[in-house]
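Q: Could we go through this structure by asking, for each label attached to it, what value stands behind that label and which cut-off the value is set against?

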Amino acid sequence: MRSVLLVEDDFFDTMTVKKSFEKFSVQHQLYSAFNGLEALDLLRGQNGAEAIRPLPEVILLDLNMPKMNGHEFLAEIRKDPELADIPVFIITTSAMDVDRLNAQNLGVSGYIIKPLDFETSPDMVDSMSLLEKLLK
């Protein structure tokens, strides 16, 4: 089954993404991880986690998380030949230019600022439209 991996430490943001998937009729299975280390375990099938297979078509990634943040996770998957080409969309509270630049340098496909409100933010609607195209 086709899938998406959400890497997010906030329960309410996770629920918002799930509701957005329902609203936009995204038919992919949504996996979730609490931080970058848990996400790597799911992607690689290590430390007792069952590997997501086939690999997710897209990763939705928060930047500010415990244990392994989004930048560290993104740098790690970009070094891994099996994971390097998975499109990544950043979903974060950080509007800092340095965070956006770091993410862009690591090849992100989109950058969405929280709080998540797909109804009123043109940038989010554009990013969600791009995400929808990737998932079709």
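Q: What is the mean pLDDT of the chain, and where is confidence lowest and highest?
A: This is a predicted model, and the chain has a mean pLDDT of 81, with 79% of its residues at 70 or more. Confidence is lowest in helix H5, residues 122-135, where the mean is 54, and highest in H2, where the mean is 97.

Q: How many helices and strands does the chain have, and in what order do they run?
A: There are 5 helices and 5 strands, and from the N terminus the order is β-α-β-α-β-α-β-α-β-α. Of the contacts with a separation of 6 or more, 65% are between residues 24 or more positions apart, and buried residues make up 44% of the 136 residues in the chain.

Q: How do you know that the span of helix H1 agrees with its number of residues?
A: Helix H1 takes in residues 11-23, and at 1.5 Å a residue its 13 residues should span 18 Å; the C-alpha atoms at its ends are 18 Å apart, so the two values agree.

Q: Why are the buried residues of H1 said to line one face of the helix?
A: The residues concerned are Asp 13, Thr 14, Val 17, Ser 20 and Phe 21. Viewed down the axis of H1, the buried residues fall within an arc of 120°, and therefore they line one face. Phe 11, Phe 12, Lys 19, Glu 22 and Lys 23, on the other side of H1, are exposed. As a general rule, an α-helix has 3.6 residues a turn, so residues three or four places apart point the same way.

Q: What makes Asp 10 a cap of H1?
A: A side-chain oxygen of Asp 10 lies 2.9 Å from the backbone nitrogen of Phe 12, at the N-terminal end of H1, and a polar contact requires a pair of N or O atoms within 3.5 Å. Just after H1, Ser 25 takes a positive phi of about 55°.

Q: Which residues of H3 are buried, and on what grounds are they placed on the same side?
A: In H3 the buried residues are Gly 70, His 71, Phe 73, Leu 74 and Ile 77. Around the axis they cover an arc of only 160°, which puts them on the same side of H3. At the start of this helix, a side-chain oxygen of Asn 69 comes to within 2.9 Å of the backbone nitrogen of His 71.

Q: Which residues touch the most other members of the largest nonpolar core, and which elements give two or more residues to this core?
A: The core has 23 residues, of which Leu 5, Ile 59, Leu 61, Phe 73, Ile 77, Val 88 and Ile 90 touch the most other members. The elements that give two or more residues are strand S1 (3-7), helix H2 (36-44), strand S3 (58-61), helix H3 (70-79) and strand S4 (88-92), and the largest share, 4 residues, comes from H2. A second, separate core of 10 residues includes Val 4, Val 58, Leu 60 and Ile 112.

Q: Why is Asn 35 called buried, and what does its side chain reach?
A: Asn 35 has a relative accessible area of 2%, and buried means under 20%, so the label applies. Asn 35 lies in the loop between strand S2 (29-33) and H2, and its side chain reaches the backbone nitrogen of Glu 38 at 2.9 Å, while the backbone nitrogen of Leu 37 lies 2.9 Å from a polar atom of that side chain. Leaving aside neighbours within four places in sequence, Asn 35 is in contact with Val 7, Met 65, Pro 66, Lys 67 and Met 68.

Q: Why are Asn 47 and Lys 67 called exposed?
A: Exposed means over 50% relative accessible area; Asn 47 has 66% and Lys 67 has 71%, so Lys 67 counts as exposed. Asn 47 lies in the loop between H2 and S3 and has a positive phi of about 55° although it is not a glycine. Lys 67, in the loop between S3 and H3, has a positive phi of about 65° and is likewise not a glycine.

Q: How do you know that the peptide bond joining Arg 53 and Pro 54 is cis?
A: Its omega is about -5°, and the bond is cis; Pro 54 is placed in the loop between H2 and S3. In general, most peptide bonds are trans.

Note on methods
Residues numbered from 1 in each chain as written. Predicted model: local features only at pLDDT ≥ 70, side-chain atom pairs only at ≥ 80, totals over all residues. Heavy atoms only, no water. Core = buried A, V, L, I, M, F, W, Y, C linked by side-chain atoms within 4.5 Å. Buried < 20%, exposed > 50% of the residue type's maximum accessible area, 1.4 Å probe, protein only. pLDDT = per-residue confidence, 0-100. Expected span 1.5 Å × (residues − 1). Arc of directions from axis to C-beta. Polar contact = N/O pair within 3.5 Å; in protein donor to acceptor, adjacent residues only side chain to side chain. Contact = heavy atoms within 4.5 Å.
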